[in-house]
Amino acid sequence: MKKFIYLAAASLLLFAACTKNDVQPVAGQHEITFLAANYATKAGITGSVFPTTEKFGAYAWTAGTAGAYFMDNETVSFVAADNAWKPSTTYYWPKNSTVDFVCFYPQPTAGLTVAADKLTYAAYDVEAGQMDLMYADKAVGYDGNVDEISDGTNTYTGVPVIFRHALAKLKIDLALTYNHKEEADGTVTDWEVTLNSFKLLGVYKAGGCVLNLSDPAATGVVAWTKPADAAGNHVWTNDGTLLTATERVATAQALVPGTDYNMVPETFILPQALADGQQKIQLNVTIKTKRNGADFLSETFDITADLRLASLPAWEMNNVINYRISLAPTKGNGNGGQPIDPGNPVNPNDPDLSDVEITFDPAVDGWDGVNVVTHLNI
């Protein structure tokens, strides 16, 4: 950014009457722009570069404005010709006032109300939207664009815009743990496993949340305080409506070890607390067992599993949750009953099934003693 230096000295005043002062303004020097690209590297925050193909919304406040806002729900987009993020109408920095900014994505966001100290999401349906709802840290007390930075290709200046994710993301993969076992006695067991259906059940899809601005006098920072439930989980308040329990398997799928089958691709979901018996998956599988090459057993049944874990009580805001479901063709997980270690996967051709091997426990019941008193007449 160019800087003008003005010199004032007594000797120069002698030339004031005969010297023409031609000060050329730098185009856009005082125009308000936004810094929404790669600012994370400067701020020490990890994240991705905001795409120049997208747009976001902006509100702004300053003292002395005729209305409630300095910027009232403006649309900000990247202007390639100026190499800058600009609102749809041009704004200039006030002479002697600072400006506060709050930005959000997408523009518009259904059900979002923005105030200087509060963000309110109401009646938002993730199933209908499937958008990455984001809100930016409040930029407080700016009186000009910040220093320029570079992402390696472009150089930017502007109001810093650091977006946070308001929703959560869910992804579920399924894997077959093993399908072959050969014993020392020569017995060979093979399992043919077919996934007939897969459903995601009991997931809340709609609701709202409120983010309040923290008190900088108390905390030392200006930040949005996320909503929290009684357990302290950063979740939304759901309205009780559920995601449609859509079938995730188009046709019956034969499963083989070593392949991850994606049941739920990365999907935006409502942040929510998890409860036993509420959010769950339901599979229908057919398992055919062969012993020494001959058909031995065929089972078709449903499996239902809760998605709540002791280590995962909630799907919280700004979290990406990846489940990897390990499916075993017997009651053994293939690791001798011990938890499966992702870094040391089960051998699909030699699982440890010692914990589910059928054994017998023989015992002989004691004799019952019977005392009989009788008389024989001979």
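**Exercise 1.** In which sense do β2 and strand β5 (residues 99-105) pair, and over how many bridges?

*Solution.* Before we start: this is a predicted model, where local features need pLDDT of at least 70, side-chain atom pairs count only at pLDDT 80 or more, and totals for chains, interfaces and linings use all residues. Residues are numbered from 1 along each chain as its sequence is written, and side-chain values use heavy atoms, with hydrogens and water left out.

Step 1: Strands are DSSP runs of E with at least two residues, numbered from the N terminus, and two strands pair if DSSP finds at least two bridges between them.

Step 2: look at the pair. β2 and β5 run antiparallel, with 5 bridges. For one spot to check, Ala 58 has Cys 103 in β5 as its bridge partner.

Step 3: now turn to β3. β2 pairs with β3 in the antiparallel sense too, over 5 bridges, and here Phe 56 sits opposite Val 76.

**Exercise 2.** Work out where Thr 62 lies and whether Thr 62 is buried or exposed.

*Solution.* Step 1: find the place. Thr 62 is in the loop between β2 (55-61) and β3 (71-79).

Step 1: check the cover. Buried means under 20% relative accessible area, exposed means over 50%, and partly exposed is in between (1.4 Å probe, protein chains only). With 14%, Thr 62 counts as buried. β2 is mostly covered as well, with 6 of its 7 residues buried.

Step 2: list the neighbours. Taking contact as heavy atoms within 4.5 Å, and leaving out residues up to four places away in sequence, Thr 62 touches Phe 70, Ser 97, Thr 98 and Val 99. The Thr 62 side chain also gets to the backbone oxygen of Thr 98, at 2.5 Å.

**Exercise 3.** Follow the pairing from strand β6 (residues 112-115) to strand β7 (residues 118-125), then on to strand β16 (residues 206-213).

*Solution.* Step 1: β6 and β7 pair in the antiparallel sense over 4 bridges, and a hairpin of 2 residues joins them. Val 114 stands across from Leu 119 in β7.

Step 1: β7 and β16 are antiparallel over 6 bridges, with Tyr 124 facing Gly 207 in β16.

Terms used: Polar contact = N/O pair within 3.5 Å; in protein donor to acceptor, adjacent residues only side chain to side chain.
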